Amino acid sequence: MRLALSLARRGLGRVWPNPAVGCVIVNGGRIVGRGWTQPSGRPHAEVVALAQAKDAARGATAYVTLEPCAHHGKTPPCAEALIAAGIARVVCALGDPDPRVDGGGFDMLRAAGIEVQTGLCEDEARVDQAGFLSRVTQGRPMLTLKLASSFDGRIATASGESQWITGPEARRHVHAMRASHDAVMVGAGTARDDDPSLTVRGLGMDHQPVRVVLSRHLDLPLDSQLGRSAREVPVWICHGHRAAPELIAAWKGMGAELIEVDEAQGTLDPTSVLQALGDRGLTRVYCEGGGGLAASLLGAGLVDELVGYGAGLAIGAEGRPSLAAMGLSRLAEAPRFDLVECRDIGGDVLHRWRRKA
């Protein structure tokens, strides 16, 4: 099952709106097939593994990280494929809460006389499937908030200089994190100030995440890296209802997808933003700031995981803080997270935190 989980992770960031699933088929103590969900979500992991196993699947055990689907979509049900292949036993880590499945896959297997065991490595699978589970049960993608800051929590000097606070190893890790998410998201201020490309570079990848920008008035420079590359790598811009029609037309002409969302207290409503992204199939979003967007997401209780990169330099109070004001008066109001990882990364410190259950 742990091999199946490791295979499933190869699909993270590449298979939305489908879940990233892994499957390992064992017969007589020997692995005869293995597979994971392929880019764009199909073929599914079970189908890939069965194709590799061929006749050796008859009488075998299939280890699957998520309940096999039981509905006809763009592909036939994986539960039917396992039955047709003669699988004798299915061991599954986690049930699928999608109303089209939700126990139906297990029921179909059991009705065909296949032994079904569930719950093996369930906690690990639940972490890996957090994005898919969030979209199905809450209607929004999982959100990872990344902050790279100095020892005193600053992301730039007073003049805006920020390249580079952290070292090359930490920056490479950021690209790997981008690659494992469906989309990279920033606020309008970051898009204007940094002119980022928000692409994955230096990892030899042929796949890029969607680039999402939140801009209430669509007042973003058309002659930017995002604008110039919108036809090559998707750019989605979330905006308010008062965005100028000529700007909407201009960005659409550049190849960007425009998403109108609700506003609240003079800014874009973060809950509306994430619901809109979930409606479009995104399961995992990696937010890279800036401070205002980060504070609004934390304040709305929408951050599922924090990834921090801490550097050994001090900038001082005149520097730009990593978070804008959150309006907290008591510590009890502050969102809290559990530490799940802390390690050195090229002289900087990587620390990852997960929202308390």
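Guide: Gladly. Leaving aside its neighbours within four places in sequence, Asp152 is in contact with Leu313, Ala314, Ile315 and Gly316. Please keep in mind that this is a predicted model.

Visitor: What makes those residues count as being in contact with Asp152?

Guide: Contact means heavy atoms within 4.5 Å. Leu313, Ala314, Ile315 and Gly316 are the residues that Asp152 is in contact with once neighbours within four places in sequence are set aside.

Visitor: Where does Asp152 lie?

Guide: Asp152 is found in the loop between β6 and β7, the latter spanning 154–156.

Visitor: Why is Asp152 called partly exposed?

Guide: Buried means under 20% relative accessible area and exposed means over 50%, with partly exposed in between. Asp152 has a relative accessible area of 30%, so it is partly exposed.

Visitor: What makes the link between Asp152 and Ser150 a polar contact?

Guide: A polar contact is a pair of N or O atoms within 3.5 Å, where one must be able to donate a hydrogen and the other to accept it. The side chains of Asp152 and Ser150 are joined at 2.5 Å. A polar atom of the Asp152 side chain also lies 2.6 Å from the backbone nitrogen of Gly316.

Visitor: Let us turn to Glu288. How do you know whether Glu288 is buried or exposed?

Guide: The cut-off for buried is under 20% relative accessible area. Glu288 has 14%, so it is buried. Its place is in the loop between β14 (284–287) and α12 (291–299).

Visitor: Which residues does Glu288 touch?

Guide: Not counting residues up to four places away in sequence, Glu288 touches Lys146, Val174, Arg178, Val184, Met185 and Val186. With Arg178 there is a polar contact between the side chains, at 2.6 Å.

Visitor: Why is helix α11 described as largely enclosed?

Guide: Of the 10 residues of α11 (residues 270–279), 7 are buried, so the helix is largely enclosed by the rest of the structure. Those buried residues are Pro270, Ser272, Val273, Leu274, Ala276, Leu277 and Gly278. Gly281 follows α11 and has a positive phi, near 100°.

Visitor: How do you know that β17 and β18 pair?

Guide: Two strands pair if at least two bridges are found between them. β17 and β18 have 8 bridges and run in the antiparallel sense, so they meet that rule. Arg343 has Leu350 in β18 as its bridge partner. The two strands form a hairpin with 2 residues between them, and Gly346 in the turn has a positive phi of about 65°.

Visitor: What other strand pairs with β18?

Guide: Strand β15 (residues 305–310) pairs with β18 in the antiparallel sense over 6 bridges. There, Tyr309 stands opposite Leu350.

Visitor: How do you know where empty space is left?

Guide: Rolling a probe the size of a water molecule over the atoms shows where empty space is left. The largest pocket has a volume of about 1200 Å³. Among its 50 lining residues, Thr190, Asp194, Glu288, Gly289 and Gly290 are the closest to its centre. The lining divides into 21 nonpolar, 19 polar and 10 charged residues.

Visitor: What lines the second largest pocket?

Guide: The second largest pocket holds about 760 Å³ of space. Its lining has 29 residues, and Val127, Ala130, Met142, Glu305 and Arg354 lie nearest its centre. Helix α6 gives the most, with 5 residues. By kind, the lining has 8 nonpolar, 7 polar and 14 charged residues.

Visitor: What makes a space a cavity rather than a pocket?

Guide: In a cavity a 1.4 Å probe fits but cannot get out, whereas a pocket is open. The whole structure has 3 cavities of 30 Å³ or more. The largest cavity has a volume of about 80 Å³, and the closest of its 15 lining residues to the centre are Leu12, Asn18, Ala20, Thr283 and Arg284.

Notes. Residues numbered from 1 in each chain as written. Predicted model: local features only at pLDDT ≥ 70, side-chain atom pairs only at ≥ 80, totals over all residues. Heavy atoms only, no water. 1 Å grid on protein atoms, 1.4 Å probe; cavity = no way out; pocket = protein on both sides within 12 Å on 5 of 7 lines; lining within 4 Å. Points joined across faces, edges and corners; volume = space filled by probe spheres on them. Nonpolar A, V, L, I, M, F, W, Y, C, P; charged D, E, K, R; others polar. Helix = DSSP H or I, 4+ residues; strand = E, 2+ residues; numbered from the N terminus. Buried < 20%, exposed > 50% of the residue type's maximum accessible area, 1.4 Å probe, protein only.
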